[in-house]
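My notes follow in the order in which I looked things up.

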Amino acid sequence: MSRLGARAVAFLVVLGTLLLGGALPASAAQASAAQASTVQASAVQARSVAALQPSDGTTWFGPDIDWGDDAPDGYAGRLGATPSMYGVEIQYPLDRSARKEFLRATRAAAAQGAVLVVSLEPDRSLRSLDAADARAANDLLEQVHSQYDTQVLVRFAPQMNGTWVRWGQQPTQYVRAFRALAGAVHAGSSDARMVWSPSYGAGYPFGESAGRLRDLSATDVAKLDTNGDGQLTAADDPYEPYWPGDSSVDWVGLSMYSFGKGKATEAAGRDVPLTRNDVPEAGEVAARFDETWGYEEQQPENFYDRFAAADDRPMLLDTGALYDHSLRGDAELSVKQGWWRQVIAAVADRPLIRGVTFLETNRREPEAAGRVADWRDTAVPGIAGSFRTDLERSGDFAFGPVTDRVTPQEGAAATAQQYDTGGDQMAWIVWCAVGLAVVFLLSGLFGRLLPSWRYPDDGKPGRDLRLDLFRGFIILAVVITHIEIGGPYSYITLHAVGAITGAEMFVFLSGMVLGMTYPFAIKKFGEWAAAIGAWKRARKQYLVTLGVILVVFALSFVPFLDTDAITTFTDRGTGTGGVGAEGRVYDLYPNAMQLLAYPPPWYAIRQFLLLEMGPWPFNIMGLFVVLSLFIPAFMWVIRRGFWWALLVVSWALYVYQAVNPEFRPLNSQFESVFPLLTWQVVFTHGLVLGYYRRQIIGALTGRLGKVLVGVGIGGYALFLVYVWAGNQFGFTPAPFPASMYDDLYNTAYQRVDLQWGRLVDIAFFAIVSYAILTVFWKPISKAIGWLWIPIGQASLYVFVWQVFFALAIASIPGLDWGNVWIGFATHTLLILLAWYMVRKKFLFSIIPR
């Protein structure tokens, strides 16, 4: 019976008993209750048998790492393979810091498709833990399960039979707290599994408590004194007093470490000094599983048979071998390999061991007289290679991924939210195109009737204020879209603009402005000096980008700021993952915490320098940095008349990316949503058009040019109306297929790939807007030019600041994101704030414009 089926049977039987109990005679009710209890016990057993575990008979394995100094990417890189499990220690109850640490670990494990073992370690007395703490933990488990379908093993207060943990040797309160948490988890929908995990019992009661019961309650005395002699000694059972009961435990676990002291009786003692590094004794691990290694009193049964095999429960082993580099003795490889090979053999002989976590950290250990002990199996390449080879040769261990991978690259791609159906959005595109086409065609008439409204273009070189105003509109559309609050502004930017978003027009206009202004720099300073200036500008953009990434990361430690709003991204179900990914939260700052390690690991530095992390409203900045590096080369080609060759190469790269959509030359964050080889085609065309702007305008405004442009604009609008009408009125828009309209958005207007319809829309929108601004310049400039022109002239500056605008708004507690009036007021204030900052040139010397 499946786990879900078992739960359903138990629920129905118990419910039936409750309903019938009042109507049946007492004896019948009691009989029914007894039957229900039996079935419920069977259901508990069924859940235990079906407990979350590898489905192919293999064993999950992975490290229990120090998440402050290490991360899954670092471990997998050192091992040369992806493990299937990671361990993390989290303080319990879960405060804000613990929640963030848990979510960070969950996202990192999900990025590799690994199971997560969460050790919840109480940071206050067990007596003070209550049901509310358990519910809060379960809520978080349900949250991550719904977001990632993550498989989690919850190891509550491990090694509770030891004296070295603050929750140790308190059986009554431990069992109560474990049951409370297990009850909340089992009643929830997280699919998490509860792990009961004491420490290996040799040496129990571990020195400090030997012979002493005076600090314990009478109840605890009765529980711990299992042989009834009035003393807590090695003759007492090291496990049974802490057992929470069958209904609460899904997995059993055991902590079993090699402290390298050589003699079995000294294994758990901290008073005996470690004097040298020794290879583990032959058969030591097997003897531990047989419960014969290190005991003063012979144990009647071993842990594996009592708690795993007896009830067919999967088992989790937490293990590792200590090495002290300050001592002489056997080589590190010999010591650690001698241990892990015995563990591997034990796993092969015990099929219920379904998970193994290897301690992977450096830390001071009392067993090593307070010196730093090295538990790591992957710190040295040769040792890591031997470890991987032995795991692979055994054939008993599952390498990752074993669950769905949720990568930062998928997160970056998800920020390009796309419409999963074409109908409504295509209607916006159709009627926006029609409206603009009508205005464009009428602009010629208005231009003749009202020549005084025209843009005063006297043919002299200099800034084109029409482009500045247009850029102002585009960058404000970007700001409004990224401040994700409802309102009339956002309704326009998300819908009524049609297929154009701020991104592609921002890139196109940036290329066009550079194509216009770069020749002046060459004329004034010379070609080489202009190139140096362009590269310096690219360097400044890059440094500012790194600075924004770091500042946002630093702000994540400020308690009242909700940096998750921009450092993570929640899939709306309209991204590349489809509806099935709705609600999934992606981490866009992978391994950022490792930048605080000393020294920071190379993989974290590389991800930072290559812009593989960063706030999602800022990801296109990486595209500008890379494109800026090529400006001197592009302009060198254009100035020599080989603009056509540049465009041929540009289109070739565009086609190559279309044929190889997974190709990412840099793997930077921006490439998932703004693929470099695709989006360069917009930028290079902007450069060429900007350089030859006057010649092109002259050609397009001539008699033939006007006719061709008018036919193109009108023809495009009529084509869209034609296929729309076919869908609306039920006829086939020959020669196109009947499904043309339904498929058009997804085959022509996807933003990430800049499909043909979107490229046509860029040209359409640019031509129509430029014509409208030329003919109606005076009234438009007077009405809105005071705002849009200065913002457009500092568009890159505004783009940098919008990241912090988004963070500030997201951090306002209780804000009604769906209130239209609040949205209107918020967007208006932010637009005016951006304008004021530009007017005051706030930090202009630092932030590029």
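This is a predicted model: local features need pLDDT of at least 70, side-chain atom pairs count only at pLDDT 80 or more; totals for chains, interfaces and linings use all residues.

Entry on the stacked pair. I looked up Tyr 745 and Tyr 749, which form a stacked aromatic pair with 6.5 Å centre to centre and 15° between the planes. Tyr 749 has a relative accessible area of 0% and is therefore buried, and Tyr 745, at 4%, is buried as well.

Entry on the tilted pair. Trp 453 and Phe 776 lie 6.3 Å apart, centre to centre, with 55° between the planes, and I recorded this pair as tilted. The two residues are 323 residues apart and link distant parts of the chain, with Trp 453 in the loop between H13 and H14 and Phe 776 in the loop between H27 and helix H28 (777-793). I found Trp 453 partly exposed, with a relative accessible area of 32%, whereas Phe 776 is buried at 15%.

Entry on the aromatic count. The count came to 58 aromatic pairs, and I noted one aromatic cluster made up of Trp 196, Tyr 239, Trp 243, Phe 303 and Phe 307.

Entry on the largest pocket. I read a volume of about 1100 Å³ for the largest pocket. The lining holds 37 residues, of which Phe 440, Leu 700, Ile 767, Tyr 770 and Ala 771 are the closest to the centre. Helices that give two or more residues to this lining include H13 (423-449), H14 (465-482) and H25 (703-729), while the largest share, nine residues, comes from H27. By class I listed 24 nonpolar, seven polar and six charged residues in the lining.

Entry on the cavities. I found seven cavities of 30 Å³ or more, and the second largest cavity holds about 80 Å³ of space. Among the residues lining this second largest cavity are Thr 545, Ile 549, Phe 618 and Phe 670, and H17 and helix H20 (621-629) each supply at least two lining residues. The lining has seven nonpolar and five polar residues, but no charged ones.

Entry on a helix contact. Helix H17 (residues 527-555) packs against helix H21 (residues 631-639) at an angle of about 145°, with the axes 10 Å apart. On the H17 side I noted Glu 527, Ala 531, Ala 534 and Trp 535, and on the H21 side Pro 632, Trp 636 and Arg 639. By class, this contact has five nonpolar, no polar and two charged residues.

Conventions:
Residues are numbered from 1 along each chain as its sequence is written. Side-chain values use heavy atoms; hydrogens and water are left out. On a 1 Å grid over the protein atoms alone, a cavity is a set of points where a 1.4 Å probe fits but cannot get out, and a pocket is an open set with protein on both sides within 12 Å along at least five of seven lines; lining residues have an atom within 4 Å of a point. Grid points are joined across faces, edges and corners, and a volume is the space filled by probe spheres set on the points. Helices (H or I, at least four residues) and strands (E, at least two) are DSSP runs, numbered from the N terminus. Ala, Val, Leu, Ile, Met, Phe, Trp, Tyr, Cys and Pro count as nonpolar, Asp, Glu, Lys and Arg as charged, and the others, Gly among them, as polar. Axes are lines fitted to C-alpha atoms, for helices over the stretch in contact, and angles run from 0 to 180 degrees between N-to-C directions. Contact means heavy atoms within 4.5 Å. Rings of Phe, Tyr and Trp (its six-membered ring) pair if their centres lie within 6.5 Å; planes under 30 degrees apart count as stacked, over 60 as edge-to-face and the rest as tilted. Buried means under 20% relative accessible area, exposed over 50%, partly exposed in between (1.4 Å probe, protein chains only).
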